[in-house]
Amino acid sequence: MPRDASHPAGGVNATIERERARVEEPLARSSASAVARNQARSERGSERDTLIEGLSGHPASNPSLQPGAAARRVPERGVLLRTDRRGCGQLIALPAAKLRLGRSWEAEGHIEDDSISRLHAEISAHEAEFFITDLASKNGTFVNGERIQRAELRDGSLIRLGTRVTFRFSVMEEDEQRALSSLQDLAHCDPLTRVYNRRHLEQHLAAELAFAERHCSAISLILIDLDRFKLVNDEHGHPAGDLVLVRVAELISAQIRVEDMLARYGGEEFIIVLRETPIAGAEVLAERIRRAVLEASIEIGAGQSLAVTLSAGCASLACSAGADPAELVEIADRRLYLAKQQGRNRVIGAAARPRSIPAPPASASTEDEPPAPVHPVERMARAFDALSRELQLVIGLRYQEECSFAEIAAVLGITEQHAQLLYEQARVQLQKAAA
């Protein structure tokens, strides 16, 4: 049949084919893009699962791909991630029932900040729903900028407690929560010794000093440094030095209380923060730690072992003019330096003696000159060094800490009359030396 001139070349069938191709070409391109997006999304999910598995130690396989996944619900957890500058990174995993937030140690979610109440707010969970309730706090509880008495929390809700403590609420699977906890450990713990790092120490110490000043309670710290640690690295290698640091951290941890905080300050230095502890107690603990390290034999492999010593400086809030963390650390550092100066392997705290005044350099032109008189401070320092350890501690507690004889007796485990007798004995010896 002749081709109709009114139709394009190829007739009706050809026109239909061209129209179908024109419509299907974008669909094919769209389908290819969807496949590429799904593949990329799958790869990202695989990378996330690998990260979770590496951090948490648990396989992060996709539950939807497992047999019987439709009948099994993935458990989810509520998590609070602190976002304000002072405590950024603090992670609080919510339990299945209730959790109270506040600055008191009675609160399961303890927050170190003066702007919040002792028991500030409570978060409860009920059938996968989370609610926050204000516990009659002074400065209020806010969710997404609005002050509340009780409100439901949704994934991504922003919480503010008081004037400056902020959290972001998230709902996540258990594997994700474990991974986030592992990341927090990396941010706050020293990777070698597994004690806290310096960043966490600085946050913790500032809050503890503010707490102690507000409640008129004692707080002390101990600054510890391993003696001649460079020789360990030089003679036995850095791996041996690492083993020594790990073992010393374990020995220190075994001596302190649960409420005490141990942190690696840097290199071979450690700091212990002691809540509600006067400097006399800090000195007793530091001496116990010194003996434990001295008596330990540290295995460094291949049947080899090392013995190391440490020096320590102690300081308390009573030693400083105010609740300044930098000042308190500086006082402890000066006393640590004094312990090094006096021969290492010792503790300097309340019984800190004045730093020795160096003798003038010998000179040929002073042969006919009479010997220079001994400075009174130097005479006092020598007399103090001549005292027994018990008398040194009594003088330090009485003068520096202004302790009563009853308090001194409690520290030393003696009677009050005995403490008075020791004080008088030490005072007489020092007066004779200064005369």
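Modeller: Strands here are DSSP runs (E, at least two residues), helices are runs of H or I with at least four residues, both numbered from the N terminus, and two strands pair if DSSP finds at least two bridges between them. The model is predicted, so local features need pLDDT of at least 70 and side-chain atom pairs pLDDT 80 or more, while totals for chains, interfaces and linings use all residues. Residues are numbered from 1 along each chain as its sequence is written, and side-chain values use heavy atoms, without hydrogens and water.

Biologist: Over how many bridges do strand S1 and strand S11 pair?

Modeller: S1 covers residues 76–82 and S11 covers residues 165–173. Leu81 stands opposite Arg168 in S11. The pairing of S1 and S11 is antiparallel, and the number of bridges is seven.

Biologist: Which are the edge strands of the open sheet?

Modeller: The six strands have the order S2-S1-S11-S10-S7-S8, with antiparallel pairing. An edge strand pairs on one side only, which here gives S2 (91–93) and S8 (146–148).

Biologist: Which element gives the most residues to the lining of the largest pocket?

Modeller: A pocket is an open set of points on a 1 Å grid over the protein atoms alone, where a 1.4 Å probe fits, with protein on both sides within 12 Å along at least five of seven lines; lining residues have an atom within 4 Å of a point. There are 27 lining residues, and the closest to the centre are Gln90, His110, Glu112, Tyr196 and His200. S2, S4 (109–110), H2 (174–188) and H3 (198–215) each give two or more. With four residues, the element that gives the most is H3.
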